[in-house]
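Hi,

Here is the model we talked about. Please open it alongside the notes below.

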Amino acid sequence: MQRLGLLSAFVFCSMLFITCGATPGLTNLSDTVEKDLPIYTYLDSDGNTYVISANKLIYDPASEENTTDGIKDQGYHLELNISLNEYSKIAATCKKQLNISQEDLPAANTNFVIPTLSVQNSKNESITLSKEGVQDLNYLLKPFLKDE
């Protein structure tokens, strides 16, 4: 009879923990990993900003007044959920750009927005991108905008 009481108490406490969201002995490792991953910010040559984190891609378009041509529609502000796999592909391209020598862009057009890439991590680096760097990042990021 005493065993039945102890068993009932154990089951009750377990159910209480589970309904509160606790899972005894289990931790969510992906949350810990995602907090440690760097956040990248990319400013493209049209003045649009992309913020890439482990689970989200935020697109903040340039306003009509701030675009290089003043009339080109840059779309709407978007916050898209992305998978860790998608983040890894984008992060690999960002790391590549941060680690290679970037060629200077021609400064003939004074209305041209200088594209930059920055990373928020222990080093907090920021670089000016070359034409090839812009093409690489646009190739990965633009398809996300077409889905919306």
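Which residues does Q102 touch, not counting residues up to four places away in sequence? They are Q97, I127, T128, L129, S130 and G133, where contact means heavy atoms within 4.5 Å.

First, the basis. This is a predicted model, with residues numbered from 1 along each chain as its sequence is written. Local features need pLDDT of at least 70, side-chain atom pairs count only at pLDDT 80 or more, totals for chains, interfaces and linings use all residues, and side-chain values use heavy atoms, leaving out hydrogens and water.

**Q102**

Q102 sits in the loop between α3 (84-99) and β5 (116-120). Helices (H or I, at least four residues) and strands (E, at least two) are DSSP runs, numbered from the N terminus. Q102 is buried, at 17% relative accessibility. Buried means under 20% relative accessible area, exposed over 50%, partly exposed in between (1.4 Å probe, protein chains only). The side chain of Q102 reaches the backbone nitrogen of S130 at 2.8 Å. A polar atom of that side chain also lies 2.9 Å from the backbone oxygen of Q97.

**Helix α3**

Buried residues here are Y87, I90, A91, T93, C94, Q97 and L98. Seen down the axis of α3, they fall within an arc of 160° (directions from the helix axis to the C-beta atoms), so they line one face. They pack against β1 (39-43), β2 (49-52), β5, β6 (126-128) and α4 (131-146). Exposed K89 and N99 are on the face turned away from the buried side.

T93 has a relative accessible area of 15%. Beyond its neighbours within four places in sequence, T93 contacts D136, L137 and L140.

Best wishes

Conventions: A polar contact is a pair of N or O atoms within 3.5 Å; within protein, one must be able to donate a hydrogen and the other to accept it, and residues adjacent in sequence count only if both atoms are side-chain atoms.
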